[in-house]
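Subject: Structure handover

Hi,

Here is the structure I promised to pass on. My notes follow below it.

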Amino acid sequence: MDEQFIFSKQYRNILPILAAVSLVVFLLAVVLSGSGSARIWSNILLNNQFFLGISLGAAFFIAVHRVATSGWQTVIQRVPDAMTSFLPVAFILMLLIYFGMNDIYAWADSEVYEGLTGAKKIWLNIPFYFVRMVLYFAGWIFFIRMMKKNSESLTISSDLKYHNRRKIFAGLFLVFFGITVSASSWDWIMSLKPDWYSTIFGWYVLISMFVASLCFIILITWLLRRMGYLKVLRSDHVHDLAILLFAFSIFWAYQWFAQYLLIWYGHLPEETSYFIPRQHEFTLLFFLNLGINFIVPFFGLIRTSSKYNLNRVAAIAAMTLIGHWIDYWLLIMPETAGTKATIGLPEISMTLIYACGFIYIFFRTLSHGPLIVKNDPFLQESLNYES
Amino acid sequence: MPYRSQKKSIMDNKDYISVYFDDEDPMLQALRRLKENNLTIIDVLTPFPVHGIDKLLSVKRTRIPVGGFIFGALGGILAFWFMTWVFTVSYPLIIGGKPFFALPSFVPITFEMTVLFAGLSMAAGMFLRSKLKPDIRFKPADERITDNMFVIVIGSNANTTRESIRTVLSGISIIEIR
Amino acid sequence: MSIFQSSLRKPLIEGKKSYQEITSQILDPLVNKPIKLWYFAITLSGGAMLFGLLMMGWTIWQGIGTWGENRTVGWAFEISTFVWWIGIGHAGTFISAILLLFRQRWRNSINRSAEAMTLFAVICAALFPFIHLGRPLLTFFIFPYPNTRLLWVNFNSPLVWDVFAIATYFTISLVFWYVGLIPDIATLRDKLRKGLKKTVYNFLSFSWKGSARDWHRHEVTSIMLAAIATPLVLSVHSIVSMDFADSILPGWHTTIFPPYFVAGAIYSGFAMVLTLLIIARKLMNLEDFITVEHVESMNKILIATGSIVALAYITETFMSWYSGIEYEQYMLQNRMTGPYAWAYWIMIICNVGSAQLLWIKKLRRSLLFTFFISIVINIGMWFERFVIIVTSLHRDFLPSSWTMYKPTIVEYGLLIGTLGIFFTAFLLFIRVFPVISISEEKSILKTENALQVAKEIHHG
């Protein structure tokens, strides 16, 4: 109950070393393969989006449960809490994209820009792009900080007014998040192909984000159990996490199919130009995406007994997390790298760098404060949760 | 279960002892006590599903969901095969520029048929396995059960009588023993 | 056996009842004679229903020419009302299935009536495909049966997908509803004395006796039906949305339609549940079962789904502009400032304004405000379908085809008629079956009573 996560020296050393090694591998691989700066910046964008998504998905997880007055997740509350601490870092990393704009975005090139229609000229230009980016992150960081601050005050004082305040901020966050997560996906990912648009795009990315963060939450929960922490975790909590993974994987597949079916059926070249390269040049990855993100969680978690088994759920989560990385790859790489896009050493090593960084920041935040929240009005309910 | 085919209510049957409770907690207590004493419990009748009975009675998890999965898969395969046959073999037509084997188009109906078959088979499974059928001559064991009574039905023999049951369950609040 | 609950929660059943009180209070309106207001209400709705049936008969007799549709605007009132009713039906399945899977125990007192509402809404909706075919006697053409012309239905068409989707939806909802109803019919059977009523309920109760093994199968089957009904909710309204989204018309062909329609459906459905239950709980003395907490929870879902709908409006507005395609941009301009702009702005105010007001806790917990806003929301949702359909059709690619649409009295009659059918069916339902799931309420009684006791100790 009074568990305290200790960020052991072992991890504190291994993670930076692994990151440094990966960086060296990355640079060597990029230089040796002769691919230009486009590859570097594509990978930076891809991983920015993927890990930012995991962070934001965790914030969404917290906010939705707060607003729904849900209590079962209180036992593992600190896991998604700590995941959101990556946001400021993600902000800086996204700002760095400034130096790679020409390599990533077609519209950053002045010739292409002149060819755009009026509306796109107003929306897709470098100054406005970054102004919006600052606004998005400012809002996200602000609301999440406010939710966190009130949680911390609650831990110290057990005054319920902090609980009510964080509920209000959760609601405000959700409104702001709803609009900005869509808008940011249009800016950062959809505009990679400036002649194309899809109204469901923002929601598709949101769910991909959310499932990826659920996978991460499950994996961390598994890891913490393996390390001997979270002794109060019950199989009932695992069951609910598994149900969320199961349900939202199905929902992701539904959105994937809705977008695909409508564009396939309409048969309009300006829309199908999105799927043609992906389905015909990257066929394996295209269908692997669907397979890993839908078939695996669906059949892997359909039996009730599977959902109570943390090892099994964690295995499915690991596969699905990789699956959603592939999903992001398919969203970004075919545009930035074109037909040359591939998954090679640069991609894997860059992802490793980011993963090490993310986990380092996550563990550090997790070790500040009790592992199981104190004075939370739903804690007792969560400890006794039966599912 | 033997008494289900009988038209008379089990209350009339002298081979069964029925113990009545007005709350589920004493009933669960009694159930545990009776199990400890190795008494054969024929059935437990309650106004709503009570957590814990299944474990005490060693009720095996029903295989209805398995049946649902199998029939659902069957329905899906049937629907998909039929549409494929219609559009590629029976009467191929070019409609709206779509290919004959229009896989994405087939998905919605395949999905619906899967769900339909799965749902109907599970409901049918429930009715068949529990032997629930409309019967205007049906008489329940006791009309208070669906209201607020919890009843444990025990098989009676030379060793198990109403008095012996009463002694075994001493200390637990019982409404009556029939 | 009660579940531990945080002291922040409020009891879902008030009054510290006993099991017997639950049975008698819920069955009271069924066993006693109806109140005068019921007779008045059913006369009203029956009248509307009769008028609607008359208009339906007139349509079938005289033909579709009695409607206001023309070559440009081939779909208008009827398809709007059709989608509206299907949408309303989705709340029932959402409450029965999705809230069961999310373990929201507050659904127990509202799922029975919500599911019944779904069935009636789907029946109302299903009338439209029947009458708008022009030759309703040939309705069976929709189904793939072997025929001498060697023709099959067009499986490529969303309209055919609709047939299967709605048929499945109705069947599964009916089965799910009835499976849950059986133990309650048994309760009603046992409460009645001798007579025809008792015999009928005995027949309908399928010899339910309350055996533990039967309850086990019943619980598992209910959860499994809930599990398959959940994707059904998503798929049915998505397929309905594809009636429009699978076209290439601006305003129709937009990938957001499937989830947007589903969110809108749940939005209007919950509004209708609130409209009905706020009245029913008062008049049937069920306030202890359908508490202000239930109303507030439903309002929270209204906020969530209403916000998703608002987000969809923002997205469509942005994409219209961003796409740079003149047809998309004109479609939006026409909606906002064209001849049907009044409908568009009613839609925006009713759908967006209303849900956002519910962020205010006082309004969320006010029954009067909730009742009022639920009607506003349903009006707004009807207009949403009307706006989507008519504004995209009446002015599409060819300006020489542009025209206006004016509904006839027959069409108004059909809309009013379906409202009549719906409310008549619901009024009959509350006389015949228990409006609240008796066994499910009993299963949470201990927990709720314990919560009240704990609160009393805390405060007292």
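Burial in chain A first: 46% of its 387 residues count as buried. A residue is buried if 20 or more other C-beta atoms lie within 10 Å of its own, exposed if 12 or fewer, and partly exposed in between, with C-beta atoms placed from the backbone.

Some ground rules. This is a predicted model, in which local features need pLDDT of at least 70, side-chain atom pairs count only at pLDDT 80 or more, and totals for chains, interfaces and linings use all residues. Residues are numbered from 1 along each chain as its sequence is written, while chains are lettered from A and ligands numbered from 1 in the order in which they are written.

Chain A
Chain A has 18 helices and 0 strands. (Helices, H or I of at least four residues, and strands, E of at least two, are DSSP runs numbered from the N terminus.) Its C-alpha trace spans about 60 × 45 × 40 Å along the principal axes. The radius of gyration of chain A is 21 Å, which agrees with the value near 21 Å for a compact globule of 387 residues. That radius is taken over C-alpha atoms, and the globule rule is 2.2 Å times the number of residues to the power 0.38.

Chain C
Chain C has 15 helices and 0 strands. Its radius of gyration is 23 Å, close to the 23 Å that the rule gives for 460 residues, so chain C is as compact as a globular protein of that length. The C-alpha trace of chain C spans about 75 × 55 × 40 Å along its principal axes. Of its 460 residues, 56% are buried.

One helix pair in chain C is worth a look. The axes of H4(C) (residues 111-131) and H14(C) (residues 409-432) come within 9 Å and cross at roughly 150°. (Axes are lines fitted to C-alpha atoms, for helices over the stretch in contact; angles run from 0 to 180 degrees between N-to-C directions.) Residues in contact here include Phe120(C) of H4(C) and Phe422(C) of H14(C). Contact means C-beta atoms, placed from the backbone, within 7 Å.

Chain B averages a pLDDT of 88, and 93% of its residues score at least 70. pLDDT is the predictor's confidence in each residue, from 0 to 100. Over residues 1-7 of chain B, pLDDT stays under 50. The contact takes 59 residues from chain B and 52 residues from chain C. H4(B) gives the most to the chain B side, with 17 residues.

Best wishes

Notes: Two residues are in contact if their C-beta atoms, placed from the backbone, lie within 7 Å.
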